[in-house]
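Me: I would like to go through a protein model step by step. Please show it, and then I will ask about it.

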Amino acid sequence: MEFIRIITRKTLFLAIFLLFSFMTPGVDAADKENCLMCHKYRQIGRIDEKGRKRSYFVNENIYANSVHRNVPCRDCHTYIDKLPHDPVTQEVNCANECHIKPPFSNDNFSHKKIIDVYNRSVHGTQEDDSPELKAAKPYCKYCHLNPIYTRVEEQRIAFEETLGRCLNCHERKGVTQAYKHITHRLRSKTSRSPQEIVQLCSKNCHADLVLMKKLKVSNESMEAVKTYNESIHGKAVGLGSQKAADCVSCHATSSIHDIYKKDEPHATVNKANLVKTCKQCHENVTERFAQIDVHSEIGPHEKPVLYSVNVILGFAFYGSVFGLIGLAMLESYGRRKDGIKMQILHGTSWRGKSKRDKSK
Amino acid sequence: MPGEPKRLEHPRSVYIIGFIFKIITLSVLIAVIYQITFSPHGPAVLVPIKEKIEESQKSAILEEVRQQEEYEKHRHFHHVVEYPQLPENMRPVCYICHSDYPHSKNKKVRAMLNMHTQFFVCETCHIQEQPGISVTYKWYNPLNETPKGPFYGTEYDPETGNLIEVEDQFSKISPFYRTGDKFKSAIQIQDSALAQDYVKVRDKLTPEQRDNVKKKFHVHIKAKGHECKVCHSRNGILDFRNLGFSANRTIDLEQLNIKGMVTKYESFYIPNLFSE
Amino acid sequence: MSTSTENIATSSKETGADDYYTLVEGVGNIPRDIYKFVKSDPLGDLPRYSFHIVIQHFLTFVTFLILAATGLTLHFASLWWAPLVMKLFGGPDTARLIHRIAAALMIIASVYHLITIIGGTLHKIMTKKFDIKRTQIPLIKDAYDIVHDIKYFIGKEEQRPKMHKFMYKQKLHYIAILWGTFVLVAAGMSLLFPEIMATIWPNPRFGQDLARLMHADEAIMAITVIVFWHWSNVHLVPGRFPLQWSFLTGKITREHQIEEHFLEYLYNLNEIPEEREYMKKILRENGFDTN
């Protein structure tokens with residue numbers, strides 16, 4: 001009896017499913033399971049037991065334009081197996097394999113390789129890290145919010161002509177994307193603007209001096225954001241330059257995630273690698289050039305000579321401003337007393353009588 | 001006569017040049033004053049005073065809330081979109097105490113119930129039916145007496161299959177008492193006399209007195225709202241077609257679009273939805 | 001001609017405050033404050049700068065403003081106004097190019113100036129017209145002039161000292177510009193060509209830091225001095241307001257010449273016959289001795 005009831009119910013569902021599959025417009029490929037039926041509404045969410053607002057909203061139009069648009073929900077949210085699902089306690093693991101197959105490969109795609117690189121870098125969690133350090137280290141999602149797919153308009157090269165050759169053998173849709181995927185990454189080191197990179201590294205992390213102090217970073221690292229922003233690279237980037245160096249220009253290779261402390265031999269900012277690192281932008285780089293301070297802090301302890309030069313120049317600055325203004329004001333005072341007039345139109349101005357007693 | 005001055009007046013163009021000089025001089029003067037007083041590049045003589053003023057206006061709660069919102073963006077991963085908010089005094093009176101996320105008890109459905117606050121005012125589900133008074137449901141917008149729509153959620157975009165984007169971000173389905181041809185709003189809004197009076201005096205009331213008043217607010221409110229099927233079924237209390245929902249959207253809402261669940265999940269349940 | 005010039009120069013004592021009248025042969029006894037009675041054309045009456053100097057000043061003036069605007073914006077990048085101004089220049093990458101072009105122009109103007117000055121001086125020495133008192137070279141007299149001028153300003157003396165074509169303020173300023181241009185060009189070169197500089201400096205780390213420091217600090221000092229001192233002295237103080245036209249016309253007004261460059265005016269009287277006639281007329285009209 002129970003068995004029959006289940007069969008009936010399943011048949012009923014199947015019938016409704018078939019009926020609506022013709023009536024409703026095509027549902028996005030990534031959402032075959034129709035998770036967006038609930039999650040597309042912006043008020044889905046709650047205030048959790050700790051008093052934090054949790055939003056479970058996924059904007060369907062934005063998601064359809066993000067790089068993950070073809071990834072089914074459950075490829076990342078693997079722990080969901082029924083509906084409505086239980087409260088989620090598990091984090092998404094970006095090293096999961098998803099059901100996307102990269103070109104010329106039968107393996108499922110995964111971010112595992114880059115995560116391995118990342119885990120070896122200074123930001124990867126190590127066993128001997130202090131609990132504070134473990135908590136403070138960024139995780140994938142901290143830096144990568146679901147990125148919007150950037151459509152790159154290729155202008156430097158004859159895009160259509162080049163692509164035209166590919167189309168002799170390949171389907172347009174797939175190869176256009178693959179082609180853009182590659183050429184986009186040939187242009188610059190990251191898809192993000194230098195401004196976004198600097199903002200990402202500074203805000204809530206490297207610029208948070210309270211946090212940095214808690215993590216016991218070196219003095220140099222404490223000052224790193226400040227000294228960068230005062231350097232020519234930082235100023236130019238701060239004002240919108242797309243050419244000047246940002247954090248990862250110097251601190252990582254093309255894999256971006258391999259950031260190391262400078263005494264590690266693989267660090268791009270290790271003494272042995274500096275010439276190569278600077279050479280990415282500067283021509284004719286020599287060992288001597290690499291000695292130039294990039295995060296230059298001119299303080300009384302670090303660079304006493306330069307610091308005193310700076311202080312002396314400061315005094316000269318205020319001295320000249322106030323001294324010279326004073327002299328000019330004294331001069332005006334004296335000449336006005338002797339009878340000079342402020343004239344706007346007329347050329348000559350000694351029209352008045354002197355206010356001084358003149359014995360002559 | 002040679003040597004005699006030609007004229008004694010400046011050419012008029014002097015004003016243009018002089019004006020430019022003056023502007024630059026003035027701006028450099030302001031810059032120097034700024035350099036001395038507030039600029040991080042100079043001695044910053046007035047910065048301690050500024051910091052003192054800012055210190056006195058700081059709120060630990062406010063900072064914590066803002067920081068948590070920032071972290072939530074990273075936890076959520078999917079894009080957090082800022083939607084326009086009603087001005088504080090225009091919100092229905094419930095929001096003085098309850099937020100946009102009022103449900104928290106039933107673990108299975110609390111998020112889904114909260115999801116409905118995008119479409120309903122509280123009373124739509126929580127109103128206490130009174131004998132002899134008929135209730136109808138219409139779109140209600142605090143900023144617009146006769147909202148015309150289109151309303152969010154009523155139609156699909158034929159190209160993408162997503163719900164259409166709309167201008168009207170504030171309209172919600174709301175109950176009205178109907179007498180003949182006249183409709184009277186069944187909800188408490190903030191400019192109702194009782195609500196305004198409460199906001200005015202609530203700081204002066206003792207906790208007990210406040211509790212009494214709150215009870216009064218909830219006289220026509222029932223704690224447990226409608227079941228799903230009260231609306232999500234044929235001949236439910238909401239006339240979707242009449243409220244402006246398109247034909248296929250109405251069918252989806254009456255039946256709920258369940259095809260994904262049927263095929264993909266090992267076990268599934270939506271409480272009391274289809275069982276009779 | 002040259003003998004009479006020397007006569008005039010020596011006939012006026014260079015320090016004393018009592019010599020109210022200056023006797024100029026063929027003109028008369030000129031009182032020190034005759035500038036209060038003369039008439040002047042605002043565009044200028046008497047020659048002061050050659051055509052070359054006007055061009056050089058104009059080039060320096062325009063490039064200086066461009067350099068200051070682009071450079072300051074980059075230097076104060078963290079302040080709220082910087083991004084707005086930077087947008088006007090088309091972003092930092094364009095602004096850098098503008099800054100470099102302007103710098104090149106300014107260097108050209110400076111070299112042009114050096115050529116004119118050195119060439120002109122050599123020419124004057126060869127034709128025996130060179131007179132150190134009519135140049136920017138600082139003399140002991142300038143120190144005395146400062147003291148007397150300040151005494152006049154505070155009312156302790158009746159008249160301003162008699163000064164040459166370039167008074168103490170101008171000489172000070174000229175030296176400041178020579179020094180400033182040298183520092184800014186040298187430091188700027190270091191910032192523009194760090195690779196080459198790294199091979200020249202004994203300690204590239206120190207050298208580059210020094211160049212960064214000096215370029216910025218010196219530039220800011222130059223800007224404030226130009227705006228608050230040069231401009232206010234030249235265009236904003238009473239008598240010069242609203243504008244002195246010398247930088248465009250190359251001429252100085254009679255009134256100004258007599259007031260601040262009295263000794264140079266005596267040269268003018270000697271070199272320009274019309275000026276002698278005019279001065280005679282003024283003296284006669286105001287009841288002073290003429291001859």
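Me: How much area do chain C and chain A bury between them?
Reply: This is a predicted model, and the figure is computed from it. The size of an interface is often given as the accessible area lost when the parts come together. Here the contact takes 62 residues from chain C and 54 residues from chain A. Of the buried area, 63% is on carbon and sulfur atoms, and the total is about 5200 Å².

Me: How many salt bridges are counted between chain C and chain A, and which side chains meet at 2.6 Å?
Reply: Side chains of opposite charge can pair when their charged atoms come close. Between chain C and chain A the count is 5 salt bridges. The one with N to O at 2.6 Å joins C:Asp209 and A:Lys303.

Me: Which helix gives the most to the side of chain C that touches chain A?
Reply: Across this interface, 16 residue pairs are in polar contact. On the chain C side, helices that each supply at least two residues include α2 (51-75), α4 (91-126) and α8 (204-236). The residues on that side divide into 34 nonpolar, 11 polar and 17 charged. With 19 residues, the helix that gives the most is α8(C).

Me: Is α11(C) roughly parallel or roughly perpendicular to α12(C)?
Reply: Helix α11 (residues 262-271) and helix α12 (residues 273-285) of chain C have axes that come within 5 Å and cross at roughly 110°. Angles from 65 to 115 degrees are classed together, so α11(C) is roughly perpendicular to α12(C).

Me: Which residues of α12(C) make the contact with α11(C)?
Reply: By class, this contact has 4 nonpolar, 1 polar and 3 charged residues. From α11(C) come C:Tyr265, C:Leu269, C:Asn270 and C:Glu271. From α12(C) come C:Pro273, C:Glu275, C:Arg276 and C:Met279.

Me: Which residue forms a salt bridge with A:Lys112?
Reply: Over all chains the structure holds 34 salt bridges. In this one, the closest N and O atoms are 3.4 Å apart, and the cut-off is 4 Å. Both residues lie in helix α5 (residues 112-120) of chain A, 4 residues apart, about one turn of the helix. The partner of A:Lys112 is A:Asp116.

Me: Where is B:Phe77 found?
Reply: Phi of B:Phe77 is near 70°, a positive value in a residue other than glycine. B:Ala44 also has a positive phi, near 55°, and is found in the loop between α1 (14-37) and α2 (47-56) of chain B. B:Phe77 is found in the loop between α3 (60-76) and α4 (110-115) of chain B.

Key
Residues are numbered from 1 along each chain as its sequence is written. Chains are lettered from A and ligands numbered from 1 in the order in which they are written. This is a predicted model: local features need pLDDT of at least 70, side-chain atom pairs count only at pLDDT 80 or more; totals for chains, interfaces and linings use all residues. Side-chain values use heavy atoms; hydrogens and water are left out. Contact means heavy atoms within 4.5 Å. Buried area is the accessible area (1.4 Å probe) that two parts lose on being put together, summed over both. A polar contact is a pair of N or O atoms within 3.5 Å; within protein, one must be able to donate a hydrogen and the other to accept it, and residues adjacent in sequence count only if both atoms are side-chain atoms. Ala, Val, Leu, Ile, Met, Phe, Trp, Tyr, Cys and Pro count as nonpolar, Asp, Glu, Lys and Arg as charged, and the others, Gly among them, as polar. Axes are lines fitted to C-alpha atoms, for helices over the stretch in contact, and angles run from 0 to 180 degrees between N-to-C directions. Angles under 35 degrees count as roughly parallel, over 145 as roughly antiparallel, 65 to 115 as roughly perpendicular and the rest as oblique.
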